[in-house]
Amino acid sequence: MIVNEMMFQTAAQNICEVGRFLYSKGWCPATSSNFSVRIDQDYAAITASGKHKGELTEEDILLIDLNGKAIQSNLKSSAETFLHTGLYQRDKAIKSVLHTHSVNATVLSRLYEKQGFIRVEDFEVLKALPNIETHETFLNIPIFLNTQDIATLSKEVDQYLDNNPHTFGYCIAGHGFYTWGNNLNAARRHIEAFEFLFECAILEMQLQCKSNAS
Ligand SMILES: [Zn+2]
């Protein structure tokens, strides 16, 4: 193999495990979502397209180069692979990228599509994200329009990150959510924190609607 086989195997096992966890949370319906882990400066392991994310095995993980090309594999990665490799190319510190299709990210990103961001403010859980040390802050989580033109979307994300380097996740309207981290556990922590924030945002809106109606 072109990379350290042990490293690839460990990455594949860890991806399967995170898949089971994220599926169990209900964030990866109907074979959606994709997960990757960087192996070294030129290669990453990523989920094959169309696999059930709660039932991944090591055979469902393939090696790609950072141009998204499959290496020594008949498996195909998702069309969204470029959103992973774009992040790896722009920042060596990024070691894992997780993409999910949760109900909350999907609904909120549609609701705030015109505004272009979801604002979350004054939550203790914000401290689970890098460089945030107090709840007394806010985040504008960007929303990009959904498209099947992933190369263009990847460029848009890249440009946004150039202008907003302290970003650790974004939504695609009516589609889902991307986050990343300097290892798989960090990326998983981020996804849990963002999903918690999405759920709070929706619940607060629901309760406000009810109290306004009464
Ligand atoms: Zn997707």
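Q: Why does Glu80 count as buried?
A: Glu80 has a relative accessible area of 11%, and buried means under 20%, with exposed over 50% and partly exposed in between (1.4 Å probe, protein chains only). So Glu80 lands in the buried class. A word on the source: this is a predicted model, where local features need pLDDT of at least 70, side-chain atom pairs count only at pLDDT 80 or more, and totals for chains, interfaces and linings use all residues. Residues are numbered from 1 along each chain as its sequence is written, and side-chain values use heavy atoms, with hydrogens and water left out.

Q: What makes Glu80 a donor to the zinc ion?
A: Donors are N, O and S atoms within 2.8 Å of the metal (3.2 Å for Na, K and Ca); water is not among the atoms, so sites may look incomplete. Glu80 (OE) coordinates the zinc ion together with His99 (NE2), His101 (NE2) and His175 (NE2), at 2.1 to 2.4 Å, so they meet the cut-off. Along the sequence, these donor residues are spaced E-x18-H-x1-H-x73-H. Glu80 sits in the loop between strand E3 (61-65) and H2, while His101 sits in the loop between strand E4 (96-100) and helix H3 (103-111), so this pair ties together parts 21 residues apart in sequence. Helices (H or I, at least four residues) and strands (E, at least two) are DSSP runs, numbered from the N terminus.

Q: What makes Lys127 and Glu124 a salt bridge?
A: Their closest N and O atoms are 2.6 Å apart, so the pair passes that rule. Elsewhere, salt bridges with shared partners join Arg90, Asp158 and Asp162 into one network.

Q: Why is the pair of Phe177 and Phe194 tilted?
A: Rings of Phe, Tyr and Trp (its six-membered ring) pair if their centres lie within 6.5 Å; planes under 30 degrees apart count as stacked, over 60 as edge-to-face and the rest as tilted. The count comes to seven aromatic pairs. For comparison, Tyr170 and Tyr178 are stacked, with 5.3 Å centre to centre and 15° between the planes. The rings of Phe177 and Phe194 are 4.9 Å apart at their centres with planes at 55°, so this pair is tilted. Phe177 is in strand E8 (residues 176-181) and Phe194 in helix H5 (residues 184-213), 17 residues apart.

Q: How do you know that Arg119 lies over the face of Phe138?
A: A charge sits over a ring if NZ of Lys or CZ of Arg is within 6 Å of the ring centre and within 35 degrees of the ring normal. Arg119 is 3.7 Å from the ring centre of Phe138 and lies over its face.

Conventions: A salt bridge is a side-chain nitrogen of Lys or Arg within 4 Å of a carboxyl oxygen of Asp or Glu.
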